[in-house]
Each structure stands twice: as C-alpha cells, then as structure tokens.
Amino acid sequence: MANVVVVTSGKGGVGKTTSTAALGAALAQAGENVAVVDFDVGLRNLDLMLGAERRVVFDLINVVQGVVRLQQALIRDKRIDTLWLLPASQTRDKDALTDEGVARVIADLRTRFDWILCDSPAGIERGATLAMRHADGAIVVTNPEVSSVRDSDRIIGLLDAKTEKAERGERIAKHILITRFDPARANRGEMLSIADVMEILSLPLLGIIPESEEVLRASNLGAPVVLSNPGSAPSRAYADAARRLMGENVDMTVPSEKRGLFTKLFGRRAA
Amino acid sequence: MHSQVRPRPVHFRGRSYLAFALAPEPPVTDWLADLDAAIQRSAGFFAGRPAVLDLANTALSRADIVPLIKELETRDIRIMGIEGADPADFGPGLPPVLTNGRPASGREMVHETSQAKASEAKTPDAKAKPQPQATEPQPASLLVENPVRSGQTIYFPNGDVVVLGSVGSGAEVVAGGSIHIYGSLRGRAMAGANGNAQARIFCRRIEAELLAISGYYRTVDDLEVDLRHRPVQAWLEGDVMLIAALD
C-alpha cells in the first residue's frame, strides 16, 4: 500500500528539500521502496541534494505532459538502490503542471513504490497546491520562529481544504517536523520552544532536527545528511523521524552532537 | 470678482433598514378589523415604525391601494414601500415597490392573529404560506471543533461562535453574536457583526491581533501587560471596549 506524503511548509528556506532528501534516504535505508518527487518546477534543488544533477535527462514535466514514460525520468540513487528521484524541470514553470497529468503520475508512482515523498515548493500557489493535492499524509516543516510557524498554520488549513482526501471528507495525516532547532537558544528565549510550536500548531510531532553544520556540508556534498555523516545529530534525528513515519514508537529526544573530551574542554572554540 | 461655481459631487450610499412587513389578506375590511384588534392589545406597537405593505396574498389594484394606505395612516402606520407587486402597476404617488426582502430574526411580534401578520420583513415566498412565522428554526450558534488556521475565516452572522481549539495568527472569526474560544486567540475576533453591542468575546488565552464588537475595534498591541496570555472577556460599555481577566 503506497503512501504519498507531501513535504511542505508555506515559508521558503526552512528545510523542505533537505528533509525530503534525508527522510527519503532514511526510509530507503530501512528497506522501503522510495521515490522523491521534486515539485519545485523552475527552481529545482532536490537533484542537487541527492547529487544527481548531472544525471537528469527527463523530468516531471515531460512525464506529466506524456512526452516520456515515468521509467525514463526516474533516476536511481547510486548509494541506495531503493531510492529514486523524479526531478523537476528547471526551464519551465509551475503552469506546465496540469491537474490530470499530476494525478496520472502519482497514480503510476503508487503502483511502483512504498513511499512517494513530494517536495513542495514554497508558497501557497499552484505548485504547492498541486504537490499536496493527492497526498495521504503531510510533513509540515517548521523552524522555531514566528513567521515560519504562522505560515505552517496557513498550510495546515490548506491541507484540510484543498487536498483530494479533504474534498472527499477524509482527513490527511499531518505531522510537524521542527528543523534548525537550537536548544541553547530556545532556553535563552531567542527561539520558540518546542512546546510553543506544538501549542500553536496542535499536531503530532514527527521529529526535531537540531541546527547543525552537517546539514549544509551534506547539501554541498550532494548527499542526504543521513548518508554523508550517519552518526551526526541531524542524521540520527532524521532516522528517528523516518521510523516514526513508518509507524514505530520512538522516544522524542533532541539528539545532540557526541562530544569528545577535547571538545567538551574547549567547547565552541574547537567546534 | 468672478468665481466659478463647480458642481459639487453628489454621494449616493446604500443602506439597509429593518421594516415591518404588513400582509393584508382579503377581505381587506376584515383584515383591518383584525389589525385594529392587535393595535388595541399593544398600543403604539406600530407608532412611527417604518412598514412595508406586502401584497403577495392579495390582488389589489391601484384604486384599492390608495384608500388602504390612507386607512393605515389613520392608525399611525406609515407605508414606506410596497412588496410582492408588479412595479408597472404602481406609478408615481404611491410608495416605491421593493424587492429582495429578507426575513429578519430577532424581536418577536407581540401578538399574532391568524390574519394580522404584522411580522417583521419576510420573503414573499414565506408570506405565501398559511403560517409564515412557522419557518425552520435557524441554529443560534456554530460549534467549530478544529483549530481555526491562519488564513481561514469563520463567518456566522446568525449567532454565537464557539471554537474548541485555538484561532491562529492571521485567522478570523466573525459572529453576529458572541465569540467563545476555548483555546488561544491569536488572530482576529469580531463579535456582534450585525451591530449587536451586547455581544462579547471570551477566550482562554489572549494573544489576539484585533478584537471588534459591533464595529468598535481595538488592536491588542496596547493591552495591559498583566492581561496578556490570560483568559479574558471583552465587551462594550457605550463606545468603549473593555477587556478584563476571567480568572
């Protein structure tokens, strides 16, 4: 039974694409068949995060318009062979996506994969609404910061109104993924606390990804963080989140960096 | 000295008013007798109030209408318009023909006889029924079980709104009556939207952007610091909105 999950946020730059790549890789590592689909037509990034930018021949638009078959556009990851990418087009825009075309592609993906993760563009316009349209579930990526939280609240309202499931009177499973969380800054009140975010959004929490240099390093390497440095704090947080997505009961913790005696003694200077 | 007089622009504004709709039934003399009886029981009920003559139940000609309006004027009922009639039949000298009347809820008619239907404005359709007052009871409150998310608007002009969850920043709740929010109020709440100054706003935790009652509004930027994040109620006293803690 395939599971279509949209990764969305409303606000840009909160970590949708990073999270799509990391969760997709973590699910695939657990043996699931995963397709990650880039809906950010015109501003694609997921190919870079997966280090597949030089292997893109056909893209989502080509498949939506029926120019090529789905298999021709899917790119298999070189490191995990159950992880596949359906890239977006960089030269077109969101108007090239049609309702029927997207419905057909998603239906086709459902027959081949366990998980279909749709990386939504920022905003609440056509690209974002099409990315969420056929979803069974949603991961709402939020930074612990007021504008991001309000935009997430807006997106949650749209998930309850504009998705196919919502229009049939069903509810789509929604989860919050908090990214770029810095416990020290939250303690000092410079950031919203986890409790604040949960109180405002009142949805189940999928995971808390700590702020980490590893995330930027991973994207520059073209590898999901769970592959570039599996022992790092964000990698462990994403792996936990993926297990929760699969229905496992995993204690909610904020993983921190494992520090050796040296870094403990010299703290930030050494980091 | 010569000054050019420029024509001053004329402003037209649309306004709606509540009016009583009187629906005579044939024979008109009997109906007038019933009306007199109703006026006897509640003297001054119609005095000075605008009324509309609903002719949907009758087939009165212009020649019948003029004396009827005179009769009503002797009872201190002044007809401001005619409803349920063809405008072509009623030229100058008679009140204008009105259309698109909507029923209004609120005050009940003091006395009601089978024929003196001096109810408040109703649609012509409702008038045609033998018992126009026996319309479907409208729900007086709206229960919202989910949080009201940013960008969403809950609009319920008929009465109170009860929200079990929170009202997010950038969300809006508009009610004809009072608003009760059992979560946090972070967005806007507008109570008494139809001009009900008795409406109030209650919330379990106030972080609101804007509160409005019967058109008087107040941003909560200037809210006393010790009220923030507390359960409060807001109400109108004259034209001043007051906010006080509930705990």
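In chain A, residues 24 or more positions apart account for 73% of the contacts with a separation of 6 or more, a contact being heavy atoms within 4.5 Å. Before I go on: this is a predicted model, where local features need pLDDT of at least 70 and side-chain atom pairs count only at pLDDT 80 or more, while totals for chains, interfaces and linings use all residues. Residues are numbered from 1 along each chain as its sequence is written, chains are lettered from A and ligands numbered from 1 in the order in which they are written, and side-chain values use heavy atoms, with hydrogens and water left out.

Staying with chain A, there are 14 helices and eight strands; these are DSSP runs, helices being H or I of at least four residues and strands E of at least two, numbered from the N terminus. Of its 271 residues, 54% are buried, meaning under 20% relative accessible area with a 1.4 Å probe, protein chains only.

Now the interface. Chain A puts in eleven residues and chain B 15. Between them the two chains bury about 910 Å², 36% of it on carbon and sulfur atoms; that is the accessible area (1.4 Å probe) lost on putting the two parts together, summed over both. R149(B), S150(B) and R186(B) supply 59% of the area that chain B buries against chain A, more than any other three residues.

Three salt bridges cross this interface, by the rule of a Lys or Arg side-chain nitrogen within 4 Å of an Asp or Glu carboxyl oxygen. D153(A) and R149(B) form a salt bridge through their side chains, at 2.9 Å from N to O.

Next, S184(B), which sits in strand 10, residues 179–185, of chain B. Why does S184(B) count as buried? Because its relative accessibility is 2%. Leaving aside neighbours within four places in sequence, S184(B) is in contact with E199(A) from the other chain, and with S166(B), V167(B), R205(B) and E207(B).

Last, R75(B). This residue is in the loop between helix 2 (62–74) and strand 3 (78–83) of chain B. R75(B) also counts as buried, because its relative accessibility is 19%. Not counting residues up to four places away in sequence, R75(B) touches L32(B), L35(B), D36(B) and I39(B). With D36(B) there is a side-chain to side-chain polar contact of 2.4 Å: a pair of N or O atoms within 3.5 Å, where within protein one must be able to donate a hydrogen and the other to accept it, and residues adjacent in sequence count only if both atoms are side-chain atoms.

Definitions and conventions. Buried means under 20% relative accessible area, exposed over 50%, partly exposed in between (1.4 Å probe, protein chains only).
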